[in-house]
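Please look at the structure shown below before reading on.

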Amino acid sequence: MSTTETPPIDQSKLDAFVGRFLGDLGTALHVPTVLVGDRLGLYRAMADGDPTSAADLAERTGTNERYVGEWLAAQAAAGYVEYDAAAGTFRLPPEHAALLIDQGAPVFIPGAFQLAASTVKDEPMITEAFRTGEGVAWHDHHPDLFVGCERFFRPGYAAHLIDDWLPALDGIEVKLRGGAKVADVGCGHGASTLIMAAAFPESSFAGFDYHDVSIESARRAADAAGLGPRVRFDVAAAQDYPGTNYDFVAFFDCLHDMGDPVGAAQHVLSTLAPDGTWMIVEPYANDHLEDNLNPVGKIYYNASTLICTPASRAQQVGLALGAQAGEERMREVVTDAGFTSFRRAAETPVNIIYEAKP
Ligand SMILES: C[S@@+](CC[C@H](N)C(=O)[O-])C[C@H]1O[C@@H](n2cnc3c(N)ncnc32)[C@H](O)[C@@H]1O
């Protein structure tokens, strides 16, 4: 084929791609309308599951009826609310309400979409980074990323951390019950730290993150939860956070965001007690790209392009593991740093929980 010839078009393939695009575009435009519903309390006002009209919902939420009517139509078209054409009313089914209102449900959709929305706001920085090869630091993103990240991840931690992940680690639950010294590194807003601190009153917890704004938020959350004295939050990087002789060090969804994960792993090793344990929570990923071409991979490769890879490249070394590194790559990082034992201890459809020991 010459370079001027266009390849033949398979019409059915083209039609299927257009159909796919229509779905994708509707979902993309649905992101901000979910945030509108979250921020104005529209979903919360429908939590009772009773049918409501636009006028009634607007009245109860102090919003404009015409806007709310259009918003309800969009929610109905997306399948988020149900529409009764005969009555002209809309209803939020309890199964949907759980994921749209309850921050304790295993999935909290507005948090996830808040995170997604931040990436659209930050796209110009990322486009420029593609040209220059420079990084874009975590702290340079729109604040919706930090808040959205916490709201997106916390429900999963609340659902699995205490009941599934910690029991899957060798001997950790017993140590935490008896009183252990714990560091939660790259803790962000401290959701995981506070969940563990509430569950294990005999243990002491130190949360570290290099991002000062996140640490301030974590401190406020600890005070609000009345956990202040047993939980400290300090600004510190994974490569040099303070303290030694930790029984348990945890990294929740952050090792791959770091510029120098091997350096961080070496520091973890130097701060652990001889029989201590390092838990690494990472996005679910298989070892090979072709095995990650699925809905989970679609989320994480996009997030990795827009957030994780640029964040790592903004730091020293800039290894850029990516959010879909997979178990074998994680094993290399951990064993290169000097850990002698590494295993996959647990998993969910979106996370893998690794255990490493000195
Ligand atoms: C995806 S967020 C996860 C936050 C939190 N662990 C959670 O699960 O909600 C990644 C976090 O890693 C932090 N981080 C990135 N590089 C870091 C480093 N070198 N040292 C400490 N924290 C770092 C970021 O500031 C951010 O809070």
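In the counts by class, Ala, Val, Leu, Ile, Met, Phe, Trp, Tyr, Cys and Pro are taken as nonpolar, Asp, Glu, Lys and Arg as charged, and the others, Gly among them, as polar.

The model is predicted: local features need pLDDT of at least 70 and side-chain atom pairs count only at pLDDT 80 or more, while totals for chains, interfaces and linings use all residues. Residues are numbered from 1 along each chain as its sequence is written, and side-chain values use heavy atoms, with hydrogens and water left out.

**The ligand site**

| Residue | Protein atom | Distance |
|---|---|---|
| Ala238 | backbone N or O | 2.9 Å |
| Gln239 | polar side-chain atom | 3.1 Å |
| Phe252 | polar backbone atom | 2.8 Å |

The protein covers 97% of the 590 Å² of accessible area that the ligand has on its own (Shrake-Rupley method, 1.4 Å probe).

**The cavity**

On a 1 Å grid over the protein atoms alone, a cavity is a set of points where a 1.4 Å probe fits but cannot get out, and its lining residues have an atom within 4 Å of a point. The whole structure has one cavity of 30 Å³ or more. Among the residues that line the largest cavity are Glu282, Pro283, Met330 and Tyr354. Its lining has six nonpolar, two polar and one charged residues.

Relative accessible area sorts residues into buried (under 20%), exposed (over 50%) and partly exposed (in between), with a 1.4 Å probe and protein chains only.

His141 sits in the loop between helix 7 (123-132) and helix 8. His141 counts as buried because its relative accessibility is 6%. The side chains of His141 and Asp122 are joined by a polar contact of 2.7 Å (a pair of N or O atoms within 3.5 Å, one able to donate a hydrogen and the other to accept it).

Val317 belongs to the loop between helix 13 (295-313) and helix 14 (327-336). Val317 has a positive phi of about 80 degrees, although it is not a glycine. With a relative accessible area of 62%, Val317 is exposed.

Technical notes: On a 1 Å grid over the protein atoms alone, a cavity is a set of points where a 1.4 Å probe fits but cannot get out, and a pocket is an open set with protein on both sides within 12 Å along at least five of seven lines; lining residues have an atom within 4 Å of a point. Grid points are joined across faces, edges and corners, and a volume is the space filled by probe spheres set on the points. Helices (H or I, at least four residues) and strands (E, at least two) are DSSP runs, numbered from the N terminus.
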